[in-house]
Amino acid sequence: MTIRAVVWDVDDTLFDYTTADREGMRAHLAAEGLLAGYDTPEQALVRWREITDRHWARFSAGEVSFEGQRRDRVRAFLGEELPDAEADAWFRRYIGHYEAAWSLFPDVLPTLDALAASHRHAVLSNSSLTVQEHKLSTLGLRDRFESVLCAAELGVSKPEAGAFRAACEALRLPPREVAYVGDHPEIDGRGAAEAGLLSVWIDRGGPYAQGADGGFAHRISTLAELPALVRADTRFGAPSTFG
């Protein structure tokens, strides 16, 4: 069976979200005069990350809108019941610092170049289309992808099979002819595998790697391993040099 297309996650797969979020929030908190309330900048960043994860889970579960989870993150972090307009303004100021720290991982462009002539490409993200279209355009990647699909507009998010199948439908390909590459072993790795795609987990040593069960996905440590994998069309049960 031939893999004809690769569908990509964005954050911490193509785009170094973790570094941009950390450095952007560090600069934002300094500009807002909020670091004095913490023993170290790292303590503030850990709290922001915990709040982000909690409210992002609510958004993924359909409990709050994309804009709503942003406002709730600000309110929780500041400990204030800010009006929507003030919460939005605070988050916009953070976005300015965050975008200044944007960058791709160094293995992204070489891998996309290596697969440009042989495979079609699309994006499936649990974010919103407005956010990811802007990000991909700013980073010079948007023209690399036939389509960009996001949970906020789809009404279904990873790891649900419907999200992965929507990406396959956009490409007009069956799941068995599509590979999915993402950084989260459960949301991306298990979700794609259970939806019938060739599942590839890019393990960049992030917070999800420790103790993760990646047995359902092909685990790679750099995107440089991807071209050989998708060209070999390795499925579980067939010989493979990949873990």
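User: Buried means under 20% relative accessible area, exposed over 50%, and partly exposed in between (1.4 Å probe, protein chains only); on that scale, is H121 buried or exposed?

Analyst: This is a predicted model, in which local features need pLDDT of at least 70 and side-chain atom pairs count only at pLDDT 80 or more, while totals for chains, interfaces and linings use all residues. Residues are numbered from 1 along each chain as its sequence is written, and side-chain values use heavy atoms, with hydrogens and water left out. H121 lies in strand β2, where strands (E, at least two residues) and helices (H or I, at least four residues) are DSSP runs numbered from the N terminus. Because its relative accessibility is 6%, H121 counts as buried.

User: With which side chain does the side chain of H121 make a polar contact?

Analyst: Beyond residues up to four places away in sequence, H121 touches V6, W8, L112, L115, A116, R144, F145, E146 and S147, a contact being heavy atoms within 4.5 Å. A polar contact asks for a pair of N or O atoms within 3.5 Å; within protein, one must be able to donate a hydrogen and the other to accept it, and residues adjacent in sequence count only if both atoms are side-chain atoms. At 3.1 Å, the side chain that pairs with H121 in this way is that of W8.

User: Which side chain is the polar partner of the Q132 side chain?

Analyst: Q132 has its place in helix α6 (residues 129-138), and its relative accessibility of 0% is why it counts as buried. Leaving out residues up to four places away in sequence, Q132 touches V10, D11, S125, S127, V148 and C150. The polar contact of its side chain, at 2.9 Å, is with the side chain of S125.

User: Which residues of helix α8 are buried?

Analyst: The cover over the buried residues of α8 includes β1 (5-8), β2 (120-125), β3 (147-150), α7 (151-154), β4 (178-182) and α9 (185-194). An α-helix has 3.6 residues a turn, so residues three or four places apart point the same way. In α8 (residues 161-171), the buried residues are A163, F164, A166, A167, C168 and L171.

User: What is the phi of D12, another residue other than glycine with a positive value?

Analyst: D12 lies in the loop between β1 and α1 and is buried, with a relative accessible area of 14%. Among the contacts of Y17, once its neighbours within four places in sequence are set aside, are D11, D12 and R49, and Y17 itself is found in helix α1 (residues 17-32). The positive phi of D12 is near 65°.

User: What is the radius of gyration of the protein chain?

Analyst: The chain has 10 helices and six strands, and its C-alpha atoms fill a box of roughly 55 × 35 × 30 Å along the principal axes. Taken over C-alpha atoms, the radius can be set against a globule rule of 2.2 Å times the number of residues to the power 0.38. For 243 residues a compact globule would have a value near 18 Å, and the protein chain agrees, with 18 Å.
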